[in-house]
Amino acid sequence: MQRTELVDLPVSFDRPLRLFAHIIGHSQILLRGKQDIEAGLPTTVEILFKDVTTLSLRDHYQALTVRFASPTEEEQLRAADPRPWYDRRAFILEPESGGNGHVVAGAVYWAESASPEEHDSFLVPDYDLPRFRPDRPVPAEPATTYTTFPRR
């Protein structure tokens, strides 16, 4: 059974999150909080920003609040990126440690699932996300070739 709720921003995630995927061709950013039963986190959380045009974010967060930009913040972001925004909104990412980031996007979605983190995304199921596979050997570093620049 799937349950959908419409929730207004701001929304806070009191758990570690990391940048899981930047899907450039579809202008999407996916953040994910892994399942950790021992730490009392029985679910995997995903936050998906769609139709992204501008962003400034970290690769990981200990805790995160997502909110709409204030009028002053939005004015500053519009000045930094004067392209038309059409139906996009400015979302502010507030980590608990300070130093806000932002995402200008058409929409943001979030969801929780009891699926382990090793499973594909449940918010982007049709996209084959690259996965780290610890059971596969890491390719060797290519040999560095040192040559002098040819003189004429």
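Which residues form one aromatic cluster? In this predicted model, where local features need pLDDT of at least 70, side-chain atom pairs count only at pLDDT 80 or more, and totals for chains, interfaces and linings use all residues, the cluster is made up of Phe49, Phe68 and Phe91. Residues are numbered from 1 along each chain as its sequence is written, and side-chain values use heavy atoms, with hydrogens and water left out.

**View 1. The largest nonpolar core holds 18 residues.** A nonpolar core is a set of buried Ala, Val, Leu, Ile, Met, Phe, Trp, Tyr and Cys residues joined through side-chain atoms within 4.5 Å, where buried means under 20% relative accessible area, exposed over 50% and partly exposed in between, with a 1.4 Å probe and protein chains only. The members that touch the most others are Phe13, Ile47, Phe49, Leu64, Val66, Phe91 and Leu93. At least two core residues come from each of β1 (11–13), β3 (28–33), β4 (44–50), β7 (64–68), β8 (89–95) and β9 (101–105), and β4 gives the largest share, 3 residues. Strands are DSSP runs of E with at least two residues, numbered from the N terminus.

**View 2. Surroundings of Phe91.** With neighbours within four places in sequence left aside, Phe91 is in contact (heavy atoms within 4.5 Å) with residues including Leu9, Phe49, Val66, Phe68, His102, Val103 and Val108.

**View 3. Phe13 and Trp110 form an edge-to-face aromatic pair.** Rings of Phe, Tyr and Trp (its six-membered ring) pair if their centres lie within 6.5 Å, and planes under 30 degrees apart count as stacked, over 60 as edge-to-face and the rest as tilted; by this rule the count comes to 3 aromatic pairs. For Phe13 and Trp110 the centres are 6.2 Å apart, with 85 degrees between the planes. Phe13 lies in β1 and Trp110 in β10, so the pair ties together parts that are 97 residues apart in sequence. Phe13 counts as buried because its relative accessibility is 9%, whereas Trp110, at 27%, counts as partly exposed.

**View 4. Two arginine charges sit over aromatic rings.** The criterion is that NZ of Lys or CZ of Arg is within 6 Å of the ring centre and within 35 degrees of the ring normal. The charged end of Arg78 sits over the ring of Trp85, 4.0 Å from its centre, and that of Arg89 sits over the ring of Phe68, 4.0 Å from its centre.

Methods:
Helices (H or I, at least four residues) and strands (E, at least two) are DSSP runs, numbered from the N terminus.
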